[in-house]
Amino acid sequence: MEELSRDTRNILRLQLPTDPRWVNLADKSMEEILTDHAYCEQKATASCISLIQRYSSREKLVAELSPVVTEEWGHFRMVLAELQKRKLKLGRQRKDEYVNALLDFQQKGGDAEGRMLDQLLTMALIEARSCERFKRLSEGLEDAYMQKFYRRFMESEAGHYTLFIELAETYIDREKVRRRWKEWLEYEATVMQTMDVRGDRIH
Ligand SMILES: [Fe+2]
Ligand SMILES: [Fe+2]
């Protein structure tokens, strides 16, 4: 498992780093960033629950994702507490262009294995990109408290993206997982390229 993790980490390479202007824009819109972040955590929780429901016969998946549900909901509560501390409102959920663009790339019909693979790789990718964005925030925000705040999220999401790849490799041929992951990385880079750099969103 150790070896698999190390090996897995090597292939987790986002193709396009975040535009360095993003963190400066985000620093100026902390209310929107916190609101958007809160919904990202909420969606992560819901997605893990839905994977457990869909693949209830996969024991490892159920066992590994159950604590992640608790963790992601804990993240939501941490962000909500930060909003409340600042006397800010949660606000409304916005249209998630990034995630919607990724969902477009998912295999919809065809074999069940291919569909499961894409669902797991979508999660891995969102975790990886979120982790990269949290890293930017933890390094680039002005406020030392907020740097620390985002560092904790960064560390936690780093563990999640490897988990989703490992789950895929548990049930599906490793070569197939890697081939598809490369396609996902390339696709994600094109999505990032076409999206505006906006400081009011995590992605
Ligand atoms: Fe999270
Ligand atoms: Fe996560």
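**Burial and helix packing**

Tutor: Begin with a neighbour count in this predicted model. Glutamate 169 has 20 C-beta neighbours inside 10 Å, so glutamate 169 counts as buried; the cut-off for buried is 20 or more.

Student: Where is glutamate 169 found, and which residues is it in contact with, leaving aside neighbours within four places in sequence?

Tutor: Glutamate 169 belongs to helix 7, residues 144-171. Apart from those sequence neighbours, its contacts are Arg174 and Val177. From glutamate 169 to alanine 158 there are eleven residues in sequence and 18 Å in space, C-alpha to C-alpha.

Student: What span should helix 8 have?

Tutor: Helix 8 runs over residues 174-194, and at 1.5 Å a residue its 21 residues should span 30 Å. The end C-alpha atoms are 31 Å apart, which agrees.

Student: Which residues of helix 8 are buried, and which are exposed on the other side?

Tutor: The general idea comes from the helix repeat: an α-helix has 3.6 residues a turn, so residues three or four places apart point the same way. In helix 8, Val177, Trp181, Trp184, Glu188 and Val191 are buried. They cover an arc of only 80° around the axis, so they lie on the same side of helix 8. Exposed on the other side are Glu175, Arg179, Glu186, Gln193 and Thr194.

Student: How do helix 5 and helix 8 cross, and which residues meet?

Tutor: The axis of helix 5, residues 97-105, comes within 10 Å of that of helix 8, and the two cross at roughly 145°. The crossing is right-handed. Tyr98, Ala101, Leu102 and Phe105 of helix 5 meet Tyr187, Glu188 and Val191 of helix 8. By class, this contact has six nonpolar residues, one charged and no polar.

Definitions and conventions:
Residues numbered from 1 in each chain as written. Chains lettered and ligands numbered in written order. Predicted model: local features only at pLDDT ≥ 70, side-chain atom pairs only at ≥ 80, totals over all residues. Expected span 1.5 Å × (residues − 1). Buried ≥ 20, exposed ≤ 12 C-beta atoms within 10 Å, placed from the backbone. Arc of directions from axis to C-beta. Axes fitted to C-alpha atoms, helices over the stretch in contact; angles between N-to-C directions. Left-handed = near helix turned anticlockwise from the far one by under 90°. Contact = placed C-beta atoms within 7 Å. Nonpolar A, V, L, I, M, F, W, Y, C, P; charged D, E, K, R; others polar.
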